[in-house]
Amino acid sequence: MLPQTGIDGCNTVPVTANRDARGCLFEIYRQSWPQAFPTVQWNVCASNAGVVRGAHVHVDYDEFYTLPRGRVLLGLADIRPASRTYRKSVQLKWAAEDGFAVVVPVGVAHVILFQEESVLVFGLNGYWNAEYDVVGCQWDDPALGFVWPARPVLRSERDTSSGSYAQMLQLFDERSVSWRATRA
């Protein structure tokens with residue numbers, strides 16, 4: 001049974017792994033899958049155990065996460081004021097063997113704690129743009145509603161210097177307005 005996030009538009013999607021003695025052919029994406037969307041960019045993120053990526057939130061694209069190798073703890077928090085699940089948070093324990101992908105829509109903050117060496121593959125429905133990829137907060141800000149295991153972690157300079165949850169909400173609103181203005 002697939003885990004449910006309870007966050008509007010943030011769903012899990014079954015994926016197929018064809019395993020044998022040689023390893024695995026991991027089917028990571030089909031546009032025909034429920035909740036899948038056309039993607040314009042794919043990225044691969046290889047991380048060591050103890051790495052934390054986030055908290056990040058995007059104003060200009062949705063993401064489709066797959067985990068072909070490893071084990072992570074994924075935190076998702078809805079910061080979309082117009083969403084009926086605004087301020088709802090959930091954490092998913094996720095291993096490659098679990099057989100699902102996760103859709104992360106615009107306005108859902110996400111944090112990934114890599115519990116072992118892992119490979120995360122993700123598709124975007126819009127191109128990455130550095131100007132808008134600046135919205136986030138501290139991964140362990142209590143306002144996110146996550147409970148993390150006590151362990152040392154490794155983070156990027158960007159993530160280390162991120163502000164508070166309240167600052168993330170304000171920046172998300174500002175950048176969303178700016179991005180929408182470029183689309184008009």
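The legends below describe an overall view and several close-up views of one predicted protein model.

The model is predicted, so local features need pLDDT of at least 70 and side-chain atom pairs count only at pLDDT 80 or more, while totals for chains, interfaces and linings use all residues. Residues are numbered from 1 along each chain as its sequence is written, and side-chain values use heavy atoms, with hydrogens and water left out.

**View 1. The protein chain holds 2 helices and 11 strands.** Helices (H or I, at least four residues) and strands (E, at least two) are DSSP runs, numbered from the N terminus. The order from the N terminus is β-β-β-β-β-β-β-β-β-β-β-α-α. The protein chain is as compact as a globular protein of its length, because its radius of gyration is 16 Å, close to the 16 Å that the globule rule gives for 184 residues. That radius is taken over C-alpha atoms, and the globule rule is 2.2 Å times the number of residues to the power 0.38. The C-alpha trace spans about 50 × 40 × 30 Å along its principal axes. Of the contacts with a separation of 6 or more, 79% are between residues 24 or more positions apart; contact means heavy atoms within 4.5 Å.

View 2. Of the 184 residues, 48% are buried, where buried means under 20% relative accessible area, exposed over 50% and partly exposed in between (1.4 Å probe, protein chains only). The protein chain exposes about 9300 Å², and carbon and sulfur atoms supply 51% of this area. Accessible areas come from the Shrake-Rupley method with a 1.4 Å probe; for residues, only the protein chains shown count as cover. There are 17 positive and 19 negative side chains, and the centres of the two sets lie 4 Å apart. Lys and Arg count as positive and Asp and Glu as negative, without His and the chain ends; the place of a charge is NZ of Lys, CZ of Arg, CG of Asp or CD of Glu.

**View 3. Strand β10 and its buried side chains.** Strand β10 covers residues 108–114. It is largely enclosed by the rest of the structure, because 7 of its 7 residues are buried. Side chains in a regular strand alternate between the two faces of the sheet. Val-108, His-110, Ile-112 and Phe-114 point one way from β10, and Ala-109, Val-111 and Leu-113 point the other way. β7 pairs with β10 in the antiparallel sense over 7 bridges; two strands pair if DSSP finds at least two bridges between them. Val-72 has Phe-114 in β10 as its bridge partner.

View 4. Strand β5 (residues 52–56) is largely enclosed by the rest of the structure, because 4 of its 5 residues are buried. β5 and β10 run antiparallel and are joined by 3 bridges. Arg-53 has Ile-112 of β10 as its bridge partner, and His-56 stands opposite His-110. The peptide bond between Gly-54 and Ala-55 is cis, with omega about 10°. Ala-55 lies in β5.

**View 5. Two loop residues with positive phi.** Most residues other than glycine have a negative phi, and most peptide bonds are trans. Gln-35, which is not a glycine, has a positive phi of about 75°. Gln-35 is in the loop between β3 (23–27) and β4 (41–47) and is partly exposed at 43% relative accessibility. Arg-87 has a positive phi near 75°. Arg-87 is in the loop between β7 (71–78) and β8 (89–95) and is partly exposed, with a relative accessible area of 49%.
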